[in-house]
Amino acid sequence: MHHGVARILTINPGSTSTKIGVFDNDQLVMEETLRHSTEQLAQFTSITAQYEFRKSMIVEELKHHKIDLSSLSAVCGRGGLLRPIAGGTYPVNDAMLEDLRKGYAGQHASNLGGILANEIAAEANIPAYIVDPVVVDELQPLARVSGFNLLERHSIFHALNQKAVARRYAQHTGKKYEELKLIVTHMGGGITVGAHHHGEVIDVNNGLHGDGPFSPERAGTVPAGDLVDICFSGKYYRQEIMEMLVGKGGMTGYLGTNDAVQVEKRIAAGDERAKEVYSAMAYQVAKEIGSAASVLKGNVDAIILTGGLAYGKEFTEEIRRYVNWIAEVVVYPGEDELQALAEGAIRVLTGEEEAKEYPLGQTNMEMEADHIGTRV
């Protein structure tokens, strides 16, 4: 168990940047966003191949701030697309590294988080962790049934921020996260609404390409039969349809932008179509919150709105008007993943929480075939 001040390096790799932070316990000491140009990243054949490039930038930035690796107590990276696991803090192990390198559940820049943490921690002979990756899966059995026997519902959501703000609310109320029943709504490029039951997210929409409300970039739940007709119309490649659902879906598909600030300006200027779409997004978020309230059988301690869209006062007020009969509505705008990573590492280092072990490979589940270029 760690005593005294624990200095944590946190790493959050994104598609075009790597955010890093250094914390003394939960106090931020240094934060930087290292940006990577398209030309810089184009020289690598895969996301995994970028790790040495990104690692050298991190190490150089630490030197620039006169932060020696020997002063660190641990390194914590954002978890990637791993096997489904329960929420918590996990030491990086060989099985995790293997899954991150091969992209067990897909390729994403966040897969580099555990790899970078492990590489840098090894040089300082200190532990490396990940915390609450997007594949956290605590669904109750009933929540897995989709209604279509060939498909099962999956848990892919903003676990890191959802659990961090849930713990923050619990601390604010003087209770433990494990004592509360909360609905946490993360609203960013994707939107996920989680039913948190005594510390476990027992139901949540798949915010990547599954279901739920539409968001600035994603379509969410769409009419299934009509989607099948489009898929077999012969007009589109698979990748084109996936992009219409994720990336160019939702608000972007309707209004041509994923920028909520720009949309609010258009509404203020009298753009009725922008107003209708923005209100529809709030309406769908409220419906999903109502669904989560049913999962918790109406016993809800609070509804938490968080993420970048939560900065929009009109947007959050519109949601509040739909759902404030369920429970108190609390707004925590933005997301602070670096802080959440540091807090996860500290909980383990101080003995407040026991680290979990990432499982060894147990199945030979085939990777999803790459159908890019296949006409459907």
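Visitor: Let's start with Arg-83 and Asp-99: are they buried or exposed?

Guide: Arg-83 and Asp-99 are both buried. Keep in mind that this is a predicted model.

Visitor: What do the side chains of Arg-83 and Asp-99 form?

Guide: They meet in a salt bridge, at 2.6 Å from N to O. This pair links distant parts of the chain: Arg-83 sits in the loop between S4 and strand S5 (89-91), while Asp-99 belongs to helix H3 (residues 94-102), and they are 16 residues apart.

Visitor: What about Asp-271, which residue does it form a salt bridge with?

Guide: Asp-271 forms one with Arg-266, and the closest N and O atoms are 3.2 Å apart. Asp-271 counts as partly exposed at 25% relative accessibility, and Arg-266 is partly exposed with a relative accessible area of 25%.

Visitor: New topic, strands. How many residues of S7 are buried?

Guide: Strand S7 (residues 181-187) has seven of its seven residues buried. Both of its faces are covered: Lys-181, Ile-183, Thr-185 and Met-187 lie on one side, and Leu-182, Val-184 and His-186 on the other.

Visitor: In which sense do S7 and S8 pair?

Guide: They pair in the antiparallel sense, over seven bridges, with S8 covering residues 191-197. Together S7 and S8 form a hairpin, with three residues between them. Met-187, for instance, has Ile-191 as its bridge partner in S8.

Visitor: And how many bridges join S7 to S10?

Guide: Five bridges join S7 to strand S10 (residues 302-307), and these two run parallel. There, Thr-185 stands opposite Leu-305 in S10.

Visitor: I also spotted Val-331. Where is it found?

Guide: Val-331 is in strand S11 (residues 329-333), and it is partly exposed, with a relative accessible area of 26%. Val-331 and Thr-185 are 146 residues apart in sequence, yet 9.6 Å apart in space from C-alpha to C-alpha.

Visitor: Which residues does Val-331 touch?

Guide: Leaving out residues up to four places away in sequence, Val-331 touches Leu-305, Ala-310, Thr-316 and Arg-320.

Visitor: Can we switch to helices? How many residues has H5?

Guide: Helix H5 (residues 159-173) has 15 residues, and it reaches 21 Å from its first C-alpha to its last, close to the 21 Å expected. Its buried residues include Leu-160, Val-165 and Tyr-169. Just after H5, Gly-174 takes a positive phi of about 75°.

Visitor: Is Ala-159 buried or exposed?

Guide: Ala-159 counts as buried, at 0% relative accessibility. Apart from neighbours within four places in sequence, Ala-159 is in contact with Asp-132, Pro-133 and Val-136.

Visitor: Where is Asp-132, then?

Guide: Asp-132 is in the loop between S6 and H5. Asp-132 is buried, with a relative accessible area of 3%, and its phi is near 40°, a positive value in a residue other than glycine.

Visitor: Which other residue has a positive phi although it is not a glycine?

Guide: Lys-66 does, with a phi of about 55°. Lys-66 lies in the loop between helix H2 (51-64) and strand S4 (74-78), and it is exposed, with a relative accessible area of 77%.

Visitor: Last one: which residues make the nonpolar surface patch?

Guide: Phe-148, Leu-150 and Leu-151 make that patch, of about 350 Å². Leu-151 is in the loop between strand S6 (128-131) and H5, and Leu-151 is exposed, with a relative accessible area of 52%.

Key:
Residues are numbered from 1 along each chain as its sequence is written. This is a predicted model: local features need pLDDT of at least 70, side-chain atom pairs count only at pLDDT 80 or more; totals for chains, interfaces and linings use all residues. Side-chain values use heavy atoms; hydrogens and water are left out. Helices (H or I, at least four residues) and strands (E, at least two) are DSSP runs, numbered from the N terminus. The expected span of a helix is 1.5 Å times one less than its number of residues. Buried means under 20% relative accessible area, exposed over 50%, partly exposed in between (1.4 Å probe, protein chains only). Patches are made of residues with over 30% relative accessible area and no salt bridge: like charges are joined within 9 Å, nonpolar side chains (Val, Leu, Ile, Met, Phe, Trp, Tyr) within 5 Å. Accessible areas come from the Shrake-Rupley method with a 1.4 Å probe; for residues, only the protein chains shown count as cover. A salt bridge is a side-chain nitrogen of Lys or Arg within 4 Å of a carboxyl oxygen of Asp or Glu. Contact means heavy atoms within 4.5 Å. Two strands pair if DSSP finds at least two bridges between them.
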